[in-house]
Amino acid sequence: MLDKIKVLLGLTDDTKDTLLTILIEQAIEEAIDYTHNEECINKINSTIIEMVVYKYNRIGTEGLNSEGYSGVSFSYTTDYPESIMRALRAKRKVRTI
């Protein structure tokens with residue numbers, strides 16, 4: 001998984017491996033928390049990869065969705081893109097009390 005992420009991000013050395021490993025762990029935990037389904041993780045590797053790439057690209061601009069310069073306009077996001085959320089919802093288990 002790490003190698004695929006590095007290719008997608010255009011990284012050719014190992015200077016970001018520790019950061020990427022942490023992001024992978026976070027994405028897996030978030031996916032399990034959202035889906036309530038640990039068994040699905042092996043089936044959604046591509047979604048985990050998308051989550052990590054998204055999180056990596058957001059470093060330094062967390063929450064910022066768009067910004068303008070002339071009119072000084074900022075817009076913030078708090079969630080993953082709909083394509084990622086759709087993939088996670090497809091594997092979600094309903095919790096019963």
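Author: The mean pLDDT of the chain is 83, and 77% of its residues reach 70 or more; pLDDT is the predictor's confidence in each residue, from 0 to 100. Confidence is highest in helix 1, at 96, and lowest in strand 2 (residues 74–76), at a mean of 46. Where pLDDT is low, the predicted coordinates should not be read in detail.

This is a predicted model, where local features need pLDDT of at least 70 and side-chain atom pairs count only at pLDDT 80 or more, while totals for chains, interfaces and linings use all residues. Residues are numbered from 1 along each chain as its sequence is written, and side-chain values use heavy atoms, without hydrogens and water.

Now the packing. Helix 1 (residues 2–9) packs on helix 3 (residues 45–58) at about 45°, with the axes 10 Å apart. Helices are DSSP runs of H or I, at least four residues; strands are runs of E, at least two. Axes are lines fitted to C-alpha atoms over the stretch in contact, and angles run from 0 to 180 degrees between N-to-C directions. Helix 1 is therefore oblique to helix 3. Oblique is what remains after under 35 degrees (roughly parallel), over 145 (roughly antiparallel) and 65 to 115 (roughly perpendicular).

Which residues meet? Helix 1 brings Lys4, Ile5, Leu8 and Leu9. Helix 3 answers with Ile49, Val52, Val53, Tyr56 and Asn57. Contact means heavy atoms within 4.5 Å.

Helix 3 also holds lysine 55. Lysine 55 touches Leu23, Gln26, Glu30 and Tyr80, leaving aside residues up to four places away in sequence.
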